[in-house]
Amino acid sequence: MEPTTANLLTPPFERSQADFMGAVVDPTGTHADHFLTRVGVDITDVRRQLSWMLGCDVTVEPVPAPHFQEAVEQVYGTDLVGASVRGELMHELAERLQGMPTTHHTPTGDDHVVIRVVDDLLTQAVTMDASDVHLEPGRQGLAVRFRVDGRLLVVSQLPQAAQPALTARLKVMAALDVAERRSPQDGRFRFDASRPPVDVRVSTLPALHGETVVLRLLKTNAAIPNLDALDFREQNLDRFLEVLERPYGLLLITGPTGSGKSLTTFSALKRRATSTINACTLEDPVEYELPGLNQTQVNRKTGLDFAAGLRALLRQDPDVLMIGEIRDRETAQMAVRAAMTGHLVIATLHTNDAVTAVSRLLDMGVEAIDLAAALGGVLAQRLVRRTCKACRGEGCDACHGSGLRGRMALHEFLQADRAFRAGVQSGQGVDGLRELAEAGGMETLMEDGQAKVAEGLTTLAEVRAQAA
């Protein structure tokens, strides 16, 4: 039997004690006997061999391809076909690499097998909703790990010889220097083969056994959600929108790396970036491309750092300014002054909670009187794993038995009212400012998490791990 013909004989999807029913994908909708005869398969011989192997009677029925795919996914899950393809690809790559030294003879980034492997890994990452892909060369081989729901999972172990070829392919896609292996490089590309398409940020770094590559998978502008889809509780969303809709003031979005600050920031910008205003961003790097925004990439090699870029943007007649991150005294002072002079300034900051963001700006050298006048509000957030919707936390195949699938945000929103501004101006410490914020209606991250646990959206263990 020819291999292409053999592929038409598909895995079984139903069996009883008396007999066994197999399926053959029939794109024409004709009877199984006619279809198999036409492609050169002896139906009697197929039944006889299957009956002998299985020890039971066998029937073969024609199944249209869409119906068969649906049946396979119901019984085996959606990864059956994909896993088979990945296995074949990895086997083919291993055969191509077998016996080849890690030199210029190794398959390049233009090799068709390498291209297929990279595309398959990216498609798999998108399917699993991974935020990052890690390619990590080691003594024993090339480990491929995906970050899913904040945790790294090993998804493949490739031959060590695959590392130069896969890295070269990713460098070609990101328009990086393929020959440069001794210095770190950064780039990006759009992966359109997946559905939905994703923007991919590429970072390479020389390591002991080769170059490590980390890919950050970013939603395209069409996939940036509205603010009401970001798990805000009603009170927090209303207070956040009240500050966001103001014509001027400073709105800070804070949290550690990986807390979802960028997505929240761009969801806010998506709401404000209308045709009637000039909304500008200063980023390092540009993460999401959003229509209606004038986006600028920081380039320190040319002297365009955050402070210089902000000075230039203020001469561009902006209404809304987004600063990717406040990192130094000059940028902090200019952001506060811009917020005082008729601009809405949205900026991110790395702090653990909302109140600490205020003390961080004061420590950077911002005058308390200026900060008190400019500050509109501070949003602190964390990401926790969400209770699996399929099993409601009981554990199922969809969540791999964990009871958790996907992530959601916990929020803490500080709205700077008159009492809080007075506390900032008078030099209150962090504890005093926190009391003023809570008296003004701020719910802590822990309180927001506990409310979401009560709603069955996450678990107390997740909240304690991220918000304690």
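Of the 468 residues in the chain, 46% are buried. This is a predicted model. The chain has 17 helices and 16 strands. Among its contacts with a separation of 6 or more, 59% link residues 24 or more positions apart.

**Surface**
- The chain exposes about 23,300 Å². Carbon and sulfur atoms supply 50% of that area.

**Nonpolar cores**
- In soluble globular proteins, nonpolar side chains tend to be buried together.
- The largest nonpolar core here has 41 residues. Those with the most contacts inside it include Leu250, Ile326, Leu371 and Phe420.
- Helix α11 (residues 329-340) gives this core its largest share, six residues.
- Leaving aside residues up to four places away in sequence, Phe420 touches Val358, Leu375, Leu414, Leu433, Leu436 and Ala437. Leu375 is also listed among the core residues with the most contacts.
- A second, separate core has 31 residues, including Val113, Ala130, Ala162 and Leu217.

**Backbone details in loops**
- Asp284 and Pro285 are joined by a cis peptide bond, with omega about -5 degrees. Pro285 sits in the loop between β11 (279-283) and β12 (293-297).
- Asp149 has a positive phi, near 55 degrees, and is not a glycine. The loop that holds Asp149 runs between β5 (142-148) and β6 (151-158). Asp149 counts as buried because its relative accessibility is 17%, and the cut-off for buried is under 20%.
- Asp317 also has a positive phi, about 55 degrees, although it is not a glycine. Asp317 lies in the loop between α10 (306-313) and β13 (320-323). Its relative accessibility is 62%, so Asp317 counts as exposed; the cut-off for exposed is over 50%.

Terms used. Residues numbered from 1 in each chain as written. Predicted model: local features only at pLDDT ≥ 70, side-chain atom pairs only at ≥ 80, totals over all residues. Heavy atoms only, no water. Helix = DSSP H or I, 4+ residues; strand = E, 2+ residues; numbered from the N terminus. Buried < 20%, exposed > 50% of the residue type's maximum accessible area, 1.4 Å probe, protein only. Contact = heavy atoms within 4.5 Å. Areas by Shrake-Rupley, 256 points an atom, 1.4 Å probe, with all protein chains shown as cover. Core = buried A, V, L, I, M, F, W, Y, C linked by side-chain atoms within 4.5 Å.
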